[in-house]
Amino acid sequence: MKNYGRIILYIVLILIAIINVFPFYWMINVSLQPLEAVYADPPEFIAKHPTLDNYKEIFTKYNFLRFTMNSLFISLTAAIGQLFTCSLAGFAFARMKFPGKEILFGLIIATIMVPIEVVIIPEFLLMAKLGWINTYLPMIVPSFLIGTTGVFLMRSFYENVPKELEEAAVVDGANPFTIYWRIFLPVSKASLSALFIISFLINWNAFLRPLIYLNSKNLYTLTLGLISFVGEFSALWNFLLAGAVVSVVPIFTVYLIMQKQFIEGITSTGVKG
Amino acid sequence: MKYKWYVPYLFILLAMIGLFVFRLGPLFFAGIMSFTDWSMFGSAGFVGLENYADFLGDETFWKIVGHTLLFSLIFVPSIAFGSLILAVLLNQGVKGTTAFRAMYFAPVITSTVAVGIVWRWIFGADVGMINYLLRTIGFESPPSWLSDRSFSLLVVSFVFAWKRLGYYMIIYLAGLQDIPKTLYEAAKIDGAGHFGIFRKITLPLITPTMFFISIMALVDSFKNFDIIYTMTRGGPGRASTTMAYYIYQHAFELFEMGAASSLSMLLLLLVGGIAVLNFYYKSHWVETQG
């Protein structure tokens with residue numbers, strides 16, 4: 001009886017896995033086919049004559065290398081910025097006393113719920129005033145500085161750092177910045193890498209900001225490059241899906257290497273956030 | 001630790017610039033703009049509540065509110081129950097749990113744009129996978145899904161739920177691991193079956209997590225711009241236009257910044273209102289852990 005239960009459990013788990021993985025399989029499958037095969041009836045469930053031509057095309061003719069580099073640059077800069085913004089603020093909120101602390105922290109938490117669509121219009125006008133339209137800056141600067149979940153994550157970690165660690169340094173005459181830099185930053189490596197991965201991911205996949213801020217093709221991010229493909233070549237599924245694969249592979253690689261930090265980051269910002 | 005009074009403010013300076021310049025400032029400014037007829041190419045005049053009155057008296061606006069709520073109505077329960085089921089199944093300690101978890105999580109880390117594109121293909125009217133399967137099993141004329149008024153919104157919210165399930169599954173898994181093992185063992189000794197254990201132990205103890213997840217999913221469900229832009233652009237007609245997409249259209253296609261701002265204030269009201277309501281009723285259905 002018990003064995004049957006296990007077998008059914010496995011079957012269910014595998015069926016769910018198929019629903020989750022099939023779209024990715026299909027992405028790869030179609031990306032390896034010439035256009036005629038894409039429209040074949042019945043569809044080719046396994047590419048009969050797999051070819052890398054689609055990838056060659058999108059990289060040489062359609063600028064995908066440049067898009068990848070743009071996405072990489074934006075996501076890395078914004079994620080590194082997050083580390084500073086959130087660890088500095090998290091340290092102060094966890095370890096220091098100052099007037100207005102509760103209110104300011106409360107305001108940060110309160111804005112977690114605000115959808116980006118609500119603030120994007122004034123933000124756009126601000127960027128226009130600053131002359132930042134059609135540069136990388138609107139994608140980087142806000143993500144660099146807005147640390148809603150990140151401040152929360154770092155604060156909860158720093159609150160649990162034992163007092164002795166801090167006191168030892170105080171005896172040595174260290175100032176708050178040295179204590180932050182020499183003691184708190186190194187012990188919070190795990191939280192920092194979780195934060196880094198999450199913000200890298202958010203920026204890598206971001207769409208609305210690139211869509212409204214970028215006009216020149218050589219500044220496009222991968223997501224925007226993909227979408228522009230839909231508009232111009234809506235029927236060229238083989239190119240489109242090759243592009244989708246290109247946008248997915250780097251993030252999957254990071255995920256597979258750092259799965260633990262990923263999951264920890266989500267549970268620690270998610271469960272308590 | 002000794003420090004001058006201003007030192008803490010130096011530490012929070014970057015985050016405060018973020019908070020005030022890119023969050024609260026724009027929020028406040030959007031509120032002001034919503035009382036003007038500001039367009040990208042003209043000067044702004046104060047029009048009082050006119051934008052609001054226009055929208056609230058407009059049939060299209062209410063249709064779009066309806067679409068927004070329908071999207072949430074499909075999305076939130078699918079997440080609240082679907083991801084719980086995934087988590088409970090994965091929590092049985094089977095071999096290969098890590099591999100299954102990685103596969104269930106894959107859609108979460110993929111960009112909405114890439115997800116939307118591949119699902120557009122799967123739901124394609126002519127070459128799509130689903131219609132191929134439907135025709136194979138004998139449906140002569142399957143629906144054209146994304147270009148069909150009665151299906152497009154359903155398909156888009158389904159795909160978005162598919163994408164987000166794994167995220168909430170992880171949160172449920174953490175919640176499940178907090179349930180004391182002794183409770184399960186005691187129940188087994190008392191002869192409770194799998195379903196009995198789920199109903200009598202897991203479900204009551206997981207309700208706080210479920211409440212939390214429902215709120216998060218609700219907020220999540222309003223952030224549907226990316227998926228709608230990628231899959232339907234709000235169409236056919238306005239059949240899958242939601243508030244988020246409608247704001248974008250007003251602001252960046254019609255360049256009516258004032259009107260778009262009043263829409264964004266209404267969206268904020270919707271998000272905030274539902275969250276407050278949920279919070280208020282929380283005590284009625286969440287069992288508190290003693």
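Me: How many residues of domain 1 of chain A are in contact with domain 2 of chain A, and how many of domain 2 are involved?
Reply: Happy to start there, keeping in mind that this is a predicted model. Chain A is divided into domain 1, residues 1-51, and domain 2, residues 61-270. The C-alpha centres of these two domains of chain A lie 33 Å apart. Across the boundary, the contact involves eight residues of domain 1 and seven residues of domain 2.

Me: Which helix supplies the largest share of the side of domain 1 of chain A that touches domain 2 of chain A?
Reply: Two helices of chain A, α1 (2-31) and α2 (35-38), each supply at least two residues of that side. By class, the side of domain 1 of chain A that touches domain 2 has six nonpolar, two polar and no charged residues. The largest share, four residues, comes from α1(A).

Me: Are α3(A) and α14(A) roughly parallel or roughly perpendicular to each other?
Reply: Let's take the geometry step by step. Helix α3 (residues 53-60) and helix α14 (residues 237-257) of chain A pack with their axes 9 Å apart and at an angle of about 75°. Angles of 65 to 115 degrees count as roughly perpendicular. The two helices, α3(A) and α14(A), are therefore roughly perpendicular.

Me: Which residues of α14(A) make the contact with α3(A)?
Reply: On the α3(A) side, the contact is made by Asn54(A), Tyr55(A), Glu57(A) and Ile58(A). By class, the contact of α3(A) with α14(A) has four nonpolar, three polar and one charged residues. The α14(A) residues in it are Asn238(A), Phe239(A), Ala242(A) and Gly243(A).

Me: Which helix of chain B gives the most to the side that touches chain A?
Reply: Between the chains, 69 residues of chain B are in contact with 71 residues of chain A. The chain B side has 57 nonpolar, nine polar and three charged residues. With 14 residues, the helix that gives the most to this side of chain B is α2 (residues 13-33).

Me: Which residues have the most contacts inside the largest nonpolar core?
Reply: This core has 150 residues, and helix α8 (residues 152-177) of chain B gives the most to it, with 14 residues. Domain 1 (1-51) and domain 2 (61-270) of chain A each give at least three residues to the core as well. The residues with the most contacts inside it are Ala89(A) and Ala244(A).

Me: Which residues of chain B does Ala244(A) touch?
Reply: Ala244(A) is one of the residues with the most contacts inside the largest nonpolar core. Leaving out residues up to four places away in sequence, Ala244(A) touches Met27(A) and Leu226(A) in chain A. From chain B, the residues it touches are Ala114(B), Ile117(B) and Val118(B).

Me: How many helices does the secondary structure of chain B come to?
Reply: Here is the overall picture of chain B. Its C-alpha atoms fill a box of roughly 75 × 75 × 35 Å along the principal axes, and buried residues make up 41% of its 290 residues. Among contacts in chain B with a separation of 6 or more, 70% come from residues 24 or more positions apart. The secondary structure has zero strands, and the number of helices is 13.

Me: How far apart in space are Phe28(B) and Gly272(B), C-alpha to C-alpha?
Reply: Phe28(B) lies in helix α2 of chain B. This residue counts as partly exposed because 13 C-beta neighbours lie inside 10 Å. Phe28(B) and Gly272(B) are 244 residues apart in sequence, and their separation in space is 15 Å.

Me: Is Trp145(B) buried or exposed?
Reply: Trp145(B) lies in the loop between α7 (129-136) and α8 of chain B, and has a positive phi of about 45° although it is not a glycine. A residue needs 20 or more other C-beta atoms within 10 Å to count as buried. Trp145(B) has 23, so this residue is buried.

Me: What is the omega of the cis peptide bond from Gly235(B) to Pro236(B)?
Reply: Pro236(B) lies in the loop between α11 (225-231) and α12 (243-253) of chain B. Arg233(B) is also placed in the loop between α11 and α12, with a positive phi of about 50° although it is not a glycine. Arg233(B) counts as partly exposed, since it has 14 C-beta neighbours inside 10 Å. For the cis bond from Gly235(B) to Pro236(B), omega is near -5°.

Methods: Residues are numbered from 1 along each chain as its sequence is written. Chains are lettered from A and ligands numbered from 1 in the order in which they are written. This is a predicted model: local features need pLDDT of at least 70, side-chain atom pairs count only at pLDDT 80 or more; totals for chains, interfaces and linings use all residues. Axes are lines fitted to C-alpha atoms, for helices over the stretch in contact, and angles run from 0 to 180 degrees between N-to-C directions. Angles under 35 degrees count as roughly parallel, over 145 as roughly antiparallel, 65 to 115 as roughly perpendicular and the rest as oblique. Two residues are in contact if their C-beta atoms, placed from the backbone, lie within 7 Å. Ala, Val, Leu, Ile, Met, Phe, Trp, Tyr, Cys and Pro count as nonpolar, Asp, Glu, Lys and Arg as charged, and the others, Gly among them, as polar. Domain bounds come from an automatic or database domain assignment. A nonpolar core is a set of buried Ala, Val, Leu, Ile, Met, Phe, Trp, Tyr and Cys residues joined through C-beta atoms within 7 Å. A residue is buried if 20 or more other C-beta atoms lie within 10 Å of its own, exposed if 12 or fewer, and partly exposed in between; C-beta atoms are placed from the backbone.
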